[in-house]
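Here are my notes on the model you sent over. Have a look at the structure first, then go through the points in order.

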Amino acid sequence: MSVYEKLKVLNITLPKLDPPVAAFVPFVRAGNLIFISGHIAKKDGKPWTGKLGADLTTAQGKQAAQAIAVDLIATLQAAVGDLNKIQRIVKLLVLVNSAPTFTEQHLVANGASELLMEISANAAPTPERLRVAQIPLGSCVEIELIAEL
């Protein structure tokens, strides 16, 4: 089943890309790698703000990461023109805006990893999960992605 068929089965519609809010490009290609700039969590079109373990639950963080994964897929589509050209999701960098006592960053990151793996068998990434004190615009989660063509 193609990536597009999987998206249809999962009832996922790729969003239009938002223009960057800072001085950067949404993606860069270097050889057979595509580097996707960090995408922040959004809810109702605005940054999904808050700290995991203080303002937000692990389940909410996982939902935020899933929503970011959809945005990352849309950016990959813009970068390569055909998602079926993606050979593998190589790496996810997941930044979790969390309280010092929060220890479930891995479960938040799973939201993105699991969705990507459901869409493509080649999407089992090497994840890196970090707790951070703040993310731009107060967002709860930010994710960068590296893919191989």
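1. Lys-62 pairs with Glu-114 in a salt bridge, with 3.1 Å between the closest N and O atoms; the rule asks for a side-chain nitrogen of Lys or Arg within 4 Å of a carboxyl oxygen of Asp or Glu. The count by this rule is one salt bridge. The two partners sit 52 residues apart, Lys-62 in helix α2 and Glu-114 in helix α3 (residues 105-119). Helices here are DSSP runs (H or I, at least four residues), and strands are E runs of at least two, numbered from the N terminus.

2. Buried would be under 20% relative accessible area and exposed over 50%, with a 1.4 Å probe and protein chains only.

3. A caveat on sources: this is a predicted model, where local features need pLDDT of at least 70, side-chain atom pairs count only at pLDDT 80 or more, and totals for chains, interfaces and linings use all residues. Residues are numbered from 1 along each chain as its sequence is written, and side-chain values use heavy atoms, leaving out hydrogens and water.

4. Helix α2 (residues 58-80) has 23 residues and should span 33 Å at 1.5 Å a residue, which agrees with its end C-alpha atoms being 33 Å apart; the expected span is 1.5 Å times one less than the number of residues. Just after α2, Gly-81 has a positive phi of about 85°.

5. Val-28 lies in strand β1 (residues 27-30) and is partly exposed at 42% relative accessible area.
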